[in-house]
Amino acid sequence: MQSKAKNVTEYLTEIPEERQQAFNKLRKTILENIPKGFEECMIYGMVGYVVPHSIYPKGYHCDPKLPLSFTAIASQKNFIALYHMGIYSNPKLLEWFTSEFPKHSKKKLDMGKSCMRFKKSEDIPFELIGELMRKMTVEEWINTYESVFKK
């Protein structure tokens with residue numbers, strides 16, 4: 001489900017009432033913990049956190065007009081989603097996250113390659129997500145991206 005919202009404020013008004021508190025808390029957790037240099041914007045119909053062109057002028061290799069995406073959050077039909085490209089591209093970070101997750105949640109981790117799905121608001125491990133956000137700086141993400149995705 002991609003939103004047609006033009007900005008984050010507009011996107012936030014589209015979130016179902018029963019998810020607003022958890023979504024806003026997740027967004028706040030990201031904003032308070034993501035390293036300096038990443039910027040919040042709308043990307044792919046979601047609230048995204050990107051490396052802006054002012055830092056990485058090359059942009060995303062598939063569409064250089066877009067900034068380099070790092071993470072995003074979205075209110076999907078049946079869950080809140082957190083997309084994290086660092087987990088997708090860095091096996092050590094993925095291993096750390098999957099080993100830490102059970103310490104923060106009684107639920108089984110529902111995860112794809114970069115997407116974590118949380119069906120219930122109370123299942124979101126905010127503290128762990130805050131820690132995840134602090135694990136990779138803009139410079140580290142650019143280096144990882146260039147070594148893994150840009151051939």
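I looked up Asn33 first: its relative accessible area is 17%, so Asn33 counts as buried. My cut-offs are under 20% relative accessible area for buried, over 50% for exposed, and partly exposed in between (1.4 Å probe, protein chains only). The model is predicted: I take local features only at pLDDT of at least 70 and side-chain atom pairs only at pLDDT 80 or more, while totals for chains, interfaces and linings use all residues. Residues are numbered from 1 along each chain as its sequence is written, and side-chain values use heavy atoms, with hydrogens and water left out.

**Asn33 and helix α2**

Asn33 sits in helix α2, which spans residues 17-33. Helices (H or I, at least four residues) and strands (E, at least two) are DSSP runs, numbered from the N terminus.

Which backbone oxygen does the side chain of Asn33 reach? It is that of Thr29, at 2.7 Å. I count a polar contact when N or O atoms pair within 3.5 Å; within protein, one must be able to donate a hydrogen and the other to accept it, and residues adjacent in sequence count only if both atoms are side-chain atoms.

I then set aside the neighbours of Asn33 within four places in sequence; Gly130, Met133 and Arg134 are in contact with Asn33. Contact means heavy atoms within 4.5 Å.

From Glu32 to Lys103 I read 22 Å, C-alpha to C-alpha, across 71 residues of sequence. Glu18 and Trp96 are 78 residues apart in sequence, with 31 Å between their C-alpha atoms.

**Helix α5**

Which residues of α5 (residues 126-134) are buried? They are Phe126, Leu128, Ile129, Gly130, Leu132 and Met133. An α-helix has 3.6 residues a turn, so residues three or four places apart point the same way.

I checked what covers the buried residues of α5. The cover includes helices α2, α3 (85-89) and α4, along with strands β3 (68-75), β4 (80-84) and β5.

Phe101 is in helix α4. Phe101 is buried, at a relative accessible area of 3%. Not counting residues up to four places away in sequence, Phe101 touches Lys107, Lys108, Leu109, Phe118, Pro125 and Leu128. Pro125 is 24 residues away from Phe101 in sequence, and their C-alpha atoms are 7.8 Å apart.

Ser105 lies in the loop between α4 (91-104) and β5 (115-118). Buried or exposed? Ser105 is buried, with a relative accessible area of 12%. Its side chain reaches the backbone nitrogen of Lys107 at 3.1 Å.

**Ile80**

Ile80 is in strand β4. The relative accessible area of Ile80 is 2%, so Ile80 is buried. Leaving out residues up to four places away in sequence, I list its contacts: Arg19, Ala22, Phe23, Leu26, Ala74, Met116, Arg117, Phe118 and Ile124. Ala22 is 58 residues from Ile80 along the chain, with 8.7 Å between the C-alpha atoms.

**Tyr44**

I noted Tyr44 for its backbone: phi is positive, about 55°, although Tyr44 is not a glycine. Tyr44 sits in the loop between β1 (39-43) and β2 (46-51). At a relative accessible area of 39%, Tyr44 is partly exposed.

**Whole chain**

I count six helices and five strands in the protein chain. Along the sequence the pattern reads α-α-β-β-β-β-α-α-β-α-α.

The radius of gyration is 15 Å, which agrees with the value near 15 Å for a compact globule of 151 residues. That radius is taken over C-alpha atoms, and the globule rule is 2.2 Å times the number of residues to the power 0.38. Along the principal axes, the C-alpha atoms fill a box of roughly 40 × 35 × 25 Å.

Of the 151 residues, 47% count as buried. For contacts between residues at least 6 apart in sequence, 59% join residues at least 24 apart. The accessible surface is about 8600 Å², and 50% of this belongs to carbon and sulfur atoms. These areas come from the Shrake-Rupley method with a 1.4 Å probe; for residues, only the protein chains shown count as cover.

Last, charges. I find 23 positive and 18 negative side chains, with the centres of the two sets 5 Å apart. Lys and Arg count as positive, Asp and Glu as negative; His and the chain ends are not counted. Each charge is placed at NZ of Lys, CZ of Arg, CG of Asp or CD of Glu.
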